[in-house]
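Subject: A structure to look at, with notes

Dear colleague,

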Amino acid sequence: MKKIILILSATLIFGCTSDEAFRTGKRQLEQQGYSNVRNTGYASFCCSGEDTFSTGFSCTDNKGFTVNGCFCSKYGKGVTIRFE
């Protein structure tokens, strides 16, 4: 039983990001003039409860400021970009 709980916990913690969502969101940000888009891993409490994946990012805007946020997605849905 403890092994099952450990596996489920690890899946929830480490399995809630999406490389595909990151690539799509990064492309969208770069088209809007952002640069240096970096994946910061799982972003807890950034997306709505209906989203399956929440992938954090950090990037630079066109004025040189650092911007943080997350890419929210779920199966069958596009990527939503949320800024902090």
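What follows is a description of the fold, then of the sheet, and then of the aromatic rings.

This is a predicted model, in which local features need pLDDT of at least 70 and side-chain atom pairs count only at pLDDT 80 or more, while totals for chains, interfaces and linings use all residues. Residues are numbered from 1 along each chain as its sequence is written, and side-chain values use heavy atoms, with hydrogens and water left out.

The chain holds two helices and four strands, which follow one another from the N terminus as α-α-β-β-β-β; here helices (H or I, at least four residues) and strands (E, at least two) are DSSP runs, numbered from the N terminus. Of its 84 residues, 32% count as buried, where buried means under 20% relative accessible area, exposed over 50%, and partly exposed in between, with a 1.4 Å probe and protein chains only.

The four strands form an open sheet in the order β1-β2-β3-β4, with antiparallel pairing; two strands are said to pair if DSSP finds at least two bridges between them. Because β1 (35–42) and β4 stand at the edges with a single partner strand each, one side of each is left without a neighbour in the sheet. From one strand to the next, the twist averages 30°. Between β2 and β3 there are eight bridges, and Ser58 stands opposite Asn68 in β3. Helix α2 (residues 19–31) packs on this sheet and touches β1, β2, β3 and β4, its direction making about 155° with that of β1; contact means heavy atoms within 4.5 Å, and axes are lines fitted to C-alpha atoms, for helices over the stretch in contact, with angles from 0 to 180 degrees between N-to-C directions.

The structure also holds five aromatic pairs, that is, rings of Phe, Tyr and Trp (its six-membered ring) whose centres lie within 6.5 Å, with planes under 30 degrees apart counted as stacked, over 60 as edge-to-face and the rest as tilted. The rings of Phe53 and Tyr75 are edge-to-face, because their centres are 5.4 Å apart and their planes stand at 80°. Phe53 lies in strand β2 (residues 53–60) and Tyr75 in the loop between β3 (66–73) and β4 (80–83), so this pair ties together parts that are 22 residues apart in sequence. Phe53 is buried, at 12% relative accessibility, whereas Tyr75 is exposed, at 65%. Ring pairs also link Phe22, Tyr34, Phe57, Phe71 and Phe83 into a cluster.
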